[in-house]
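I set out to look up how charged side chains pair in this model. My entries follow the structure.

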Amino acid sequence: MLDKLKWLWQYYKKHLGVLSILVFLTPIQVIFQVSIPRMIDFTIDYMNEKTIPDDWFAKFLTDIGASFSLSPEMTFGISFVALGLIASILYFIVQGHRAWMNLKLEWMFRQESFDATTTKGPDFFNKFRTGDLVTRMTDDVAEKLSWFACSGIFRLYEALLMVGFTITMMVAIDPVMTLWAAGPLPILIIIFFITASLLEKRYDYLQGRISKFNDILESCFSGIRVVKAYVLEKAQKEKFEKAAVKRRDAEIDAVKMHAVIDSLYMYIWQFSILVVLVAGGYAVMNSTLSQGKLGSFIFYTVWLVFPMFDIGQFLVKSRQSAVSMNRLMELEQMPVLVKENGNADSGKIQADDLKFENVSFKFPELDHNIIDDVTLTVKKGSTVAFVGKVGAGKSWFVNMIPRLVEPTGGVIKIGEIDLKKYTLADLRSSIGYVPQEPILFSDTIENNILMGRTDISKEVLAWAIEVSQLKSEIETFPKGMQTYIGTRGMSISGGQKQRLGLARALVGKPEYLILDDCTSALDSKTESALWERLHIVLPDMTAILITHRPDALEKTDMIYVFEDGKVVENGHHRELISSGSRYAKIYKRYKLEESVK
């Protein structure tokens, strides 16, 4: 419980003004509200007996009224209206601030969770599926947590105050009858403790079903081409139906349990009203209780129903919200693979040799290194290539340059400066990176290239498009650069996606360019034109290629052959070919593959 309060406090402390209003105005509003039935009490008793009730509050009000020449009836009537008006105004202020805080908390929960997610590494996204993440940031936040985090808590606060002040008023009227009215309280507490763990299990299961349901939706829509190509529509429909049925059943089970508990809270307190009516009526007939006091006592008993209902709601919703809170905290508590520990004063990175000194990398859950004790130097302005079998570790190796993952051993330097001494923003702005599968967004071609970088001129944008061999094709699109390319670039070809990714990397005029097998979808003519144009601009930058294209390998300054996470040989293309090395065999296979395309 304490960890959850600390988690909530980190959001509340950003809005201490609103929190103060809710904390301090709520009891004032409740005091005015619980004073209203006493006006009914005083008025009825005065009308029956024509004497001012023997109560300090009644005498206080009539003394004030007398100073304004008002009769007791008029004083109690005006007091009734004034107390009701003040209580209503305060209630609207409190409610308004609750509503504002609900929306603000919803925004902050979602934004903080999203921001935290963007800092995570590949291990995080291996553990949490896309549909699950979407569920946590939508359903868990909006439907389960945001209302409870403010309104749920402060309705409990208001309900406890209301119960406390109301019972105080009831005790002042008749202590014995108050015991009859408060009788159900121990029963309700027992009900809560019996149902708490059961509720939490049901809500936890429900959120898991919702996550699974959304994950199936996301995977189907993302892979719709594969679904259609392999005629899997029927299988997907059946999979979707099973997930929908399981979600429906989980929803129904949770609602049933919620309804049963709500009903118990409501009906038990309604039974207490019946007890008050019987016992109070008997007391009035025996003249041990006045009619006015019975009237106000009935009001107070009715008013206890709704605060107790709010308390019951809180006990139920707290279990549901605890599950959602745990799910958000689980995202935050997953450790960041790459931590920001650079110095912002380091400034723009100056191009220099890129040095890898005894570099190793592995994930915590693996018992072997993906990269194992690699030492090499990429000279400034050179073009080097990494080759090897699938799974040799080439992509993970280059991922360490922009610090997408962190070495678990050794150090990577630019010149003599450790990469970790630069901020991630400074480091990554000096690197152009094109992964194996270009990630595109449902936006325009221009926005997919610029990626929010507002400092890039139109001339540089046009240059990047021309170098990446996209210019002629963009001119044929209906809206040119403003053409929307659909989800994950579904409206353009694989080769166009790769060249768009290359344009995105080049437009930042990087000092280091990393191309991870980014021309595999290009035809030979387009690729030849691309490499010819790239080699004109590459002398201005250090280029690191992962490629299986012979033409590209022949033009590199140095080649490193990876095997099981290690560099097993390196050298120039001609040297390695003439020596009959591992590279020579790999190159011949690449040549053979090229000839049969």
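I looked up Glu-446 and found that it counts as buried at 10% relative accessibility (buried is under 20% relative accessible area, exposed over 50%, partly exposed in between, with a 1.4 Å probe and protein chains only). The model is predicted: local features need pLDDT of at least 70, side-chain atom pairs count only at pLDDT 80 or more, and totals for chains, interfaces and linings use all residues. Residues are numbered from 1 along each chain as its sequence is written, and side-chain values use heavy atoms, with hydrogens and water left out.

I then traced the partner of Glu-446: it forms a salt bridge with Lys-458, the closest N and O atoms being 3.0 Å apart (a salt bridge is a side-chain nitrogen of Lys or Arg within 4 Å of a carboxyl oxygen of Asp or Glu). Glu-446 lies in helix α15 (residues 445–450) and Lys-458 in helix α16 (residues 458–467), so the pair ties together parts that are 12 residues apart in sequence. Helices are DSSP runs of H or I with at least four residues, numbered from the N terminus. Lys-458 is exposed, at 58% relative accessible area.

I noted one network, in which salt bridges with shared partners join Lys-127, Asp-132, Arg-136, Asp-140, Arg-327 and Glu-330. My search of the whole structure gave 20 salt bridges.

I checked Lys-413 next; its salt bridge with Glu-416 has closest N and O atoms 4.0 Å apart. Lys-413 is buried at 17%, whereas Glu-416 is exposed at 57%.

Within helix α11, I found Arg-247 and Glu-251 four residues apart, about one turn of the helix. Their salt bridge has closest N and O atoms 3.5 Å apart, and Glu-251 is partly exposed at 28%.

Technical notes: Helices (H or I, at least four residues) and strands (E, at least two) are DSSP runs, numbered from the N terminus.
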